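Please look at the sequence and the three-dimensional structure side by side before reading on. The report below goes through the chain one topic at a time.

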Amino acid sequence: EAALRREPPSEESEINEDHLTDAQLQRVQEDKRAKEEEDGLARTKILGALSSVFDPFMDGYISLEKQNLEDVLQRTVSEDAVDRDGALPVLASSVHVFAYIKTSVRRCTALTTGQTFFKLHRAFGECLKSYAARLGGLLDVVDAPQQQKSSSRGARVLLDAMKRHQTEQNESDGEDLAINDAEAACYCLNTAEYCAETAGQLAEIVRGKIDDQYRERVDLTQVEDAFHDVVARAVTKVVGALETAIAPALRKAKTAKWGVLDTIDEESVYVGDVVKAIKRVAPAVRALLSPLYFRNFCDKFASAFFAKYYDLIRTQKRINEMGTHQLLLDLHSLKPALLALPTMGDESSPPAPAAYNKFILSESAKVETLLKLVGTPTDALVERFKIMWPDGSEKDLARVCAVKGMKR
């Protein structure tokens, strides 16, 4: 009976690993690991069952996490740091925000992956949308400097853009300040793109950890959309910075006396100013943007430039024959700089896309057509108009006549 009542030996006394073969030792170790994993799973289930009981009462915890994240936002947005550790520079506040979110996810999932975690992910979404709105506000520094001056300490990283409103501009200043504006917008663009991408990754992480009943309801697409809106605005700002840089040159062209020109030069002075501004601003933009967004910048600038240049010619009170010849020469000098824009600042980069080159040549042809018609003798104008501008309207013909100085 004593023998029957004897306690079974422990695993340590039952198995002497010193006398086991390698295969037997491997099986013993695998059994131990399996038992440890089983015990850990059991503990997790117990903790999950216990924590789910408290889920309905965890609103205070969620509020605290949200407040802490908002504090991080408030503190870091007011700083002027730029994080340059990644492939592209971003505002350091974005890195701090997602670092805190990562810690918050780890802290919450150690307690529960149920209702509380679901509510927490919604709190993340609210805070991130608030951050997107703040990024949008930083872009307004360029357009509304006085408002920025009276605001909080935020966005000091972008205050260089305000020099445009604090110094008396000349052409060189305009280029320098345009670079400041462009860089400021690039920081916002990169930050918004980083946030949109990371928000999508965050949603996937939450779906991978949350309880099944909440998985399909995890959604941060509105957050991604908010950041993508900032990206779109930022691209417009970058393009606008270069437009600002060439604006003084185009004003020279607009106010030139094309109706009484009596000599022709290889190119007008304004052409050199435009090319110089492009060659200064474009490389600075290239250095800060991904190839995708730099290409987008090139496309949008080229479109904006031709719209302004065409309108500049179309709205002249009069252009004489010498004036049309000079403007055709000017266009011939501007075209290479515009064609080179996608590779400017990195001559080893791939050639400009065929679609971009096609657009430049097409828009140049439209300007050439207008100028050639303006320079056409009056008695041959109608016939030449039908040939050179087959889809032109009576209004278009009337505009050509007006620029020629023909009386009604």
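Does Arg215 count as buried, partly exposed or exposed, and what is its relative accessibility? This is a predicted model, and in it Arg215 has a relative accessibility of 27%, which lies between the cut-offs of 20% and 50%, so Arg215 counts as partly exposed. Its partner in a salt bridge is Asp212, and the closest N and O atoms of the two are 2.4 Å apart. Asp212 is exposed, because its relative accessible area of 59% is over 50%. Both residues belong to helix 9 (residues 212–215), and because they are three residues apart there, about one helical turn separates them.

## Other salt bridges

Side chains of opposite charge can pair when their charged atoms come close. A search of the whole structure finds eleven salt bridges, and one of them joins Arg314 to Asp311, with 3.1 Å between the closest N and O atoms. These two residues lie in helix 12 (residues 291–314), three residues apart, or about one turn of the helix. Arg314 is partly exposed at 30% relative accessibility, and Asp311 is partly exposed at 32%.

A further salt bridge is formed by Glu368 and Lys335, whose closest N and O atoms are 3.5 Å apart. This pair links distant parts of the chain, since Glu368 is in helix 14 (residues 354–374) and Lys335 is in helix 13, 33 residues apart. Glu368 has a relative accessible area of 25% and is partly exposed, whereas Lys335 counts as buried because its value of 18% is under 20%.

## The nonpolar core

The largest nonpolar core holds 106 residues, and the members that touch the most others are Phe227, Tyr270, Phe305 and Tyr309. Helix 10 (residues 221–255) gives the most to this core, contributing 16 residues.

With which residues is Tyr270 in contact, once its neighbours within four places in sequence are left aside? They are Ala249, Lys252, Ala253, Trp258, Tyr309, Leu327, Asp330 and Leu334.

Met322 has its place in helix 13 (residues 321–340), and at 34% relative accessibility it counts as partly exposed.

## The chain as a whole

The protein chain contains 16 helices and two strands, and of its 408 residues 42% count as buried. Its accessible surface comes to about 22,800 Å², of which 53% belongs to carbon and sulfur atoms. Among the contacts with a separation of 6 or more, 76% are between residues 24 or more positions apart.

## Confidence in the model

The mean pLDDT of the protein chain is 82, and 76% of its residues reach 70 or more. Over residues 143–156, however, the pLDDT is below 50, and this stretch has 19 contacts in the model beyond near neighbours in sequence. The pLDDT also stays under 50 over residues 159–172, for which the model has 29 contacts beyond four places in sequence.

Notes
Residues are numbered from 1 along each chain as its sequence is written. This is a predicted model: local features need pLDDT of at least 70, side-chain atom pairs count only at pLDDT 80 or more; totals for chains, interfaces and linings use all residues. Side-chain values use heavy atoms; hydrogens and water are left out. A nonpolar core is a set of buried Ala, Val, Leu, Ile, Met, Phe, Trp, Tyr and Cys residues joined through side-chain atoms within 4.5 Å. Buried means under 20% relative accessible area, exposed over 50%, partly exposed in between (1.4 Å probe, protein chains only). Helices (H or I, at least four residues) and strands (E, at least two) are DSSP runs, numbered from the N terminus. Contact means heavy atoms within 4.5 Å. pLDDT is the predictor's confidence in each residue, from 0 to 100. Accessible areas come from the Shrake-Rupley method with a 1.4 Å probe; for residues, only the protein chains shown count as cover. A salt bridge is a side-chain nitrogen of Lys or Arg within 4 Å of a carboxyl oxygen of Asp or Glu.
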